[in-house]
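Here is a short briefing for a first look at this protein. Keep the sequence and the model side by side as you read.

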Amino acid sequence: MLNPMSVMVLFAGEYRRLVLWCPVLLALGALSYFLWPSEPGWELGLLLPAIVACTGLGVCLYRPHSLGVRVLGGAAMALAVGFGAAWSAAHRQPPMPELPRRGTELTGIIQDIAYFAASDRGGPPVRYVTLGQGVLHDFVNEGMPPLRRSLNIRLVPQDSAELGIGAHLRVRVLLQSPSFPAFPGGRDMQFEAWFAGRAGRGNALGPVQVEPAIPYPPQGFATHIIARLRQHVGARIRQVLPGASGTVVATLLDGKAEEVPRTVREDFAASGLAHLLAVAGLHLGIVMGAAMLVCRMGLAAWEWAALRWPCKAIAALVAWGIGGAYVLLTGVHLPAERSWLMSSVVVLGLVVGRRAVSMRGVALAATIMLLVAPQVVLDVAFQMSMAAVMALVAGYEVIHPRLLGWVGRLAGFGQTCARHAAMLVLTSILAGTATLPVVMAHFGVVQPFFVLANLLAVPLMAVWIMPFGLLALLAMPVHADAPFLHLMDVGVRFVLWLAHGVAGWPAARIAVPAMPGWGLFAVLLGLCWLCLWQHSWRWWGAVLVFVGMATPWLVRQPDILISPDGQLIGVRDRGSLLVMGHARDEYTVKAAWAQALALPVTTFWSGGPQGVETADGSLICGEDEVAGTCTMLRGAQEVVLRVHDPSDGLALLPQALCAQASLVVSVAPIRQSCPDVSVRLDRFSAWRGGAQMVFLASGVQVVTDRQTRGERLWVLKPGGHGTPTLPLAQAE
């Protein structure tokens with residue numbers, strides 16, 4: 001056992017690494033706010049963290065020579081600042097508006113245009129527009145101010161109107177607020193929409209009408225110019241390179257991955273190459289590396305500049321500027337922003353003559369990101385990139401000296417080839433292994449062959465695809481980009497072939513059950529412990545990582561799942577998930593359930609006249625005297641499932657059916673049916689609590705989405721209602 005004195009000795013030995021834990025504590029503070037059971041007021045969310053931070057600072061100043069006091073005071077400061085920053089970021093967002101549930105006229109200004117693949121069978125892509133300054137024209141919202149959030153509208157396929165960024169549209173739409181999670185603890189689209197500034201999405205009910213343009217676009221002149229430039233780049237690429245490979249080329253140069261066909265996405269995901277479709281650190285690193293190489297070679301060829309100017313620093317600054325332009329061109333997505341911020345730290349190190357890549361630089365970039373946008377602590381891209389970068393820096397700190405010693409035994413060209421090959425393999429192994437548990441937690445898959453696929457695809461991306469892409473962008477203003485785009489397309493076609501081939505191998509994509517939140521927390525905390533310390537106690541973190549990765553098989557799985565609208569019922573069987581009923585978001589809900597349980601989804605019964613039953617007879621449907629019902633026996637629990645009810649609950653279930661039941665689940669209101677059953681779940685309970693999970697191992701235990709998320713700013717009211725767009729009366 002470690003006593004306090006031995007712990008302080010260990011801390012003293014890691015004195016220079018203590019500052020690296022500042023972003024970790026900031027993230028823990030922000031996470032504690034996002035996981036708070038109810039929305040804290042300003043006293044708890046802002047005043048108390050300010051008092052704690054000031055107290056921690058005062059303690060550090062009062063005992064500046066005591067390491068223990070400074071560690072405790074600094075930790076309290078970081079936790080309090082993280083909590084307060086998260087509270088402030090959440091409360092700065094505009095409220096989620098109440099959207100009409102019927103067709104309505106909508107006017108707004110186009111902020112962006114995206115193209116989505118229509119289907120795997122081909123056909124023209126479907127256009128989506130992002131509208132800002134939206135105004136709803138109906139009898140309820142007439143006279144409302146423009147919405148402070150954007151709306152994503154899917155246009156009808158036959159709409160051929162010429163649209164451009166900044167155009168003022170009028171269209172009749174059917175709108176929908178951000179969806180509730182498909183199961184408690186699932187992906188929270190409302191949280192993502194809250195911080196992304198989105199109000200919801202909708203489908204156009206007819207062609208759009210382009211109205212006279214307004215003088216100034218709502219998002220600003222510079223943003224307007226960049227959006228139009230992205231639109232022109234994407235249109236030019238689609239014109240030169242139609243087909244699947246052209247969509248990938250467009251993704252790399254304008255950042256719009258929506259048009260990539262679903263089959264291509266699945267191949268990239270199964271082969272471990274999905275990161276190539278998300279413009280982030282890899283792409284930005286290639287762009288900045290190529291720009292720095294060209295600039296430095298040009299300055300070195302100019303004798304006067306090479307003798308008098310700091311060419312390395314100048315080349316780094318030029319590369320930093322070109323990298324920023326690439327981030328703007330590809331849409332300023334969060335992963336690209338984060339990567340550019342981290343590259344800024346690297347450039348700063350090069351300019352001032354310090355180490356370009358270090359763990360302190362990673363910590364500084366993470367600290368800035370968490371202070372500016374604390375919500376990234378729950379973002380999968382942030383978690384994956386931080387895990388990969390920490391693993392790379394820590395791994396190279398340990399392995400790189402030994403690698404240089406081994407390579408140093410070789411000579412000439414063989415040494416260069418061996419060095420680059422070894423670094424490529426080491427980079428793929430370190431980054432892939434560190435991000436593996438994060439991929440497990442968020443996507444429910446393991447890709448065993450990711451190292452092999454990346455060993456071929458990443459070098460090709462670095463030396464062929466992206467360099468020709470940069471040349472194409474430079475030549476596009478003079479219409480000389482077609483040769484470079486075709487050369488880029490050759491490399492992309494090879495990557496597509498590689499992804500499809502690896503995805504077709506046996507066990508290329510192994511499904512795993514959903515990892516609980518505390519399991520992912522253990523993984524990330526263990527990874528930080530493993531990478532941020534230097535002495536032997538760092539290996540304690542590996543135990544946390546392995547425990548977290550094992551949690552998907554350590555937690556119990558639900559026996560019954562109920563969709564957020566109460567219209568779908570899923571029963572976990574031995575080797576599949578049996579789904580009954582129909583729902584509007586049926587495809588999305590089924591996909592989320594399949595990923596969470598790592599089971600294939602089977603449509604079991606929809607309330608038809610013909611009865612069915614499972615092989616072991618534990619679930620029987622359609623054989624009772626009441627149509628549309630199933631009887632389920634799981635352990636000591638008997639469950640009645642009402643899958644189809646044309647009477648909307650007016651036809652009561654017979655008492656004989658309810659006599660032995662411990663749970664009744666109905667897609668319609670239960671009303672007065674089965675009054676003696678202790679647990680009754682119906683459409684109204686789903687309306688109040690959202691998606692539900694039922695556990696039957698020891699009695700009937702129900703977990704709802706509302707219990708899991710609590711009453712928070714981003715959680716819509718029951719039924720998906722938001723804040724009215726018009727001011728309420730004093731009595732309301």
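Is Cys-621 buried or exposed? Cys-621 is buried, because its relative accessible area is 0%, and buried means under 20%. The model is a predicted one.

**Disulfides**

- The protein has 2 disulfides.
- Counted along the chain, the bonded cysteines pair in the pattern 1-2, 3-4.
- In general, a disulfide is a covalent bond between the sulfur atoms of two cysteines.
- The link of Cys-621 and Cys-630 is right-handed, with 110° about the S-S bond.
- Another disulfide joins Cys-658 to Cys-674, with 1.8 Å from S to S.
- The torsion about the S-S bond of Cys-658 and Cys-674 is about -40°, so this disulfide is left-handed.
- This pair links distant parts of the chain, with Cys-658 and Cys-674 16 residues apart.
- Cys-658 sits in helix H21 (residues 655–658). Cys-674 sits in the loop between strand E17 (663–666) and strand E18 (679–681).
- Both Cys-658 and Cys-674 are buried.

**Cysteines without a partner**

- Cys-22 is in no disulfide. The nearest cysteine sulfur belongs to Cys-60, 11 Å away.
- Cys-22 counts as partly exposed, because its relative accessibility is 32%.
- The cut-off for a disulfide is 2.5 Å.
- Cys-528 is buried, because its relative accessible area is 11%.

**Nonpolar cores**

- In soluble globular proteins, nonpolar side chains tend to be buried together.
- The largest nonpolar core holds 53 residues.
- Val-249, Leu-253, Phe-268, Leu-273, Ile-465, Leu-485 and Val-495 touch the most other members of this core.
- Several helices give two or more residues to this core, including H6 (221–240), H7 (244–254), H8 (262–270) and H9 (281–301). Also among them are H11 (311–329), H12 (334–352), H16 (450–475) and H17 (482–503).
- H16 gives the most to this core, with 9 residues.
- Phe-268 touches Leu-273, Ala-274, Leu-276, Leu-277, Val-495, Leu-496 and Ala-499, leaving out residues up to four places away in sequence.
- Another core lies apart from the largest one and has 49 residues. Among them are Leu-341, Phe-382, Met-390 and Trp-533.

**Cavities**

- Rolling a probe the size of a water molecule over the atoms shows where empty space is left.
- How many cavities of 30 Å³ or more does the whole structure hold? A search finds 4.
- The largest cavity has a volume of about 70 Å³.
- Its lining is made up of Tyr-115, Arg-238, Thr-247, Ala-250, Thr-251, Asp-254, Lys-256, Glu-258, Glu-259 and Val-260.
- H7 gives the most to this lining, with 4 residues.
- By type, the lining residues of the largest cavity are 3 nonpolar, 2 polar and 5 charged.

Conventions:
Residues numbered from 1 in each chain as written. Predicted model: local features only at pLDDT ≥ 70, side-chain atom pairs only at ≥ 80, totals over all residues. Heavy atoms only, no water. Core = buried A, V, L, I, M, F, W, Y, C linked by side-chain atoms within 4.5 Å. Buried < 20%, exposed > 50% of the residue type's maximum accessible area, 1.4 Å probe, protein only. Contact = heavy atoms within 4.5 Å. 1 Å grid on protein atoms, 1.4 Å probe; cavity = no way out; pocket = protein on both sides within 12 Å on 5 of 7 lines; lining within 4 Å. Points joined across faces, edges and corners; volume = space filled by probe spheres on them. Nonpolar A, V, L, I, M, F, W, Y, C, P; charged D, E, K, R; others polar.
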